[in-house]
Amino acid sequence: TLTRHLSSTTAPRDVRRLAVFGAGSMGSGIAQVAATGGIKVTMADVREDALERGMEGIKKSLARVAKKQSPDDIDGFVQRVLANIETTTNGEQAVADVDLVIEAVIEHLPLKQELFARLDKAARPDTIFASNTSSLLVQDIAQSVSPERRALFGGLHFFNPAVMMKLVEVVRTPQTNDEAYNLLLHFVDQIGKVGVKAKDVPGFIVNRLLVPYKLEAVRMLERGDASAEDIDIAMKLGAGYPMGPFELFDYVGNDVTEFVSQAWVPYADKGLLPKELVKPVPMLTKMVAEGKLGRKSGAGFYDYS
Ligand code: CAA
C-alpha cells in the first residue's frame, strides 16, 4: 500500500516521536494506537484530570486488545505499550523534539488556531503538524502558523473508536508540500491503519457522505416513515452497515453530529456544500437541548439506563 500512496521516490522517514494534543476519546485513542506501533508518544492536555481520564481509557482499551493479541501475557503487553506514553500539561515541552504533532482538541476554530500558533514557535522547524478535525477545513486552522509551517500542515482524520477503526483520511491542503504529505501517509502505514487521500473539503470523504445520511435518517423518522428500530435493522441487514444510523448517533453522541452540521453552515453559505444539506433537523435539535445525547448521557434514540 505504501507505493500506491507515494508521489515521490524518496522514502519518508519513520515517525519516532509524536505529540498528541487532547486526551479525550480521539486523542487518547490516537495516542494508544501510535504507542502500540512502537512510537514514543507525549499526550498533552490543559487539564490534569483529563489526562488521568484519558490514561484510564487507554488502560481499559489495552486490556481488551491484549486479551486477543497477547492472551498469555496481558500485563506485559499493556506495560510495553504504556511505557511508550508520557503525559503533560506543558504544550511547549510536549512538542520540543517530536517528528509529528496531532491535534485532537475540541472543535473550536480559534482554540485550535491559538494552540498551533503557540506550538509553531516551540517545535523544530521540520516538525509536521496535523489536525484530527472532522468539521473544519484544515487550511482554516493552518492560517495561524507561519507560511513555512503551513507547507508542513495537513489533516489526519481518525474515526471513533480510533483503536478499532482501520481508516485514516489523510488530508492535503493547497499549501501542504509533498514531503509532509508523504510523511503523513507513511505514518498511517506505520501504525497499521489504512490511509485514503482526501482533499480539504467539508467532511472530507466519510463525513461528507455519513453526516447527510444520518440527518436524512432523522428526517425519515420525523416524517413517520418507519421506526428508529426498523431503520437501524434495515440499514444493518439491507446495506451491511455495522450499526444502524440511530445506533451510530447514540454511539458518537447526538451533540457531536448536530455540532458538525452546524459547523458546516458557513461552508454552505460559501457554496462549498448544498444548503439543504445543513437545514436544521428539529427532532435532533430538541434531543440535544434536552440532554439526550446518546450512550454517554444514558439516553438518546435508545434508552441505556
Ligand atoms: N478498544 C479496544 N477494543 C475495542 C474497543 C476499544 N475502544 N471498542 C470495541 N472493541 C473491540 C471489542 O473488544 C470487540 O472484540 P471481541 O469481539 O473480539 O471481544 C470488538 O471490538 C467488537 O466490539 P463489540 O462486540 O462491542 O461491537 P461491534 O462488533 O459492533 O464493533 C464497532 C464495534 C467497531 C464500533 C462497530 O460497531 C462499528 O464499526 N461501528 C461503526 C462505527 C463508525 O461508523 N464510526 C464512525 C463514526 S463517525 C460519525 O459518525 C460521523 C459523525 O456523526 C460526526
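Between domain 1 and domain 2, two residue pairs are in polar contact, both at pLDDT 80 or more. On the side of domain 1 that touches domain 2, the residues divide into three nonpolar, four polar and two charged. The count of salt bridges between domain 1 and domain 2 is zero. These values come from a predicted model.

The area buried between the two domains is about 750 Å². Carbon and sulfur atoms give 53% of that area.

Domain 1 covers residues 2–199. Domain 2 covers residues 207–295. Nine residues of domain 1 take part in the contact, together with eight residues of domain 2. The centres of domain 1 and domain 2, taken over C-alpha atoms, are separated by 27 Å.

The chain as a whole was examined next. Its secondary structure comes to 15 helices and eight strands. The radius of gyration of the chain is 20 Å. For 305 residues the globule rule gives 19 Å, and the value for the chain is close to this, so the chain is as compact as a globular protein of that length. Along the principal axes, the C-alpha atoms fill a box of roughly 55 × 50 × 40 Å.

Conventions. Residues numbered from 1 in each chain as written. Predicted model: local features only at pLDDT ≥ 70, side-chain atom pairs only at ≥ 80, totals over all residues. Heavy atoms only, no water. Domains from an automatic or database assignment. Contact = heavy atoms within 4.5 Å. Buried area = accessible area lost by both parts, 1.4 Å probe. Salt bridge = Lys/Arg side-chain N within 4 Å of Asp/Glu carboxyl O. Polar contact = N/O pair within 3.5 Å; in protein donor to acceptor, adjacent residues only side chain to side chain. Nonpolar A, V, L, I, M, F, W, Y, C, P; charged D, E, K, R; others polar. Helix = DSSP H or I, 4+ residues; strand = E, 2+ residues; numbered from the N terminus. Rg over C-alpha atoms; globule rule 2.2 N^0.38 Å.
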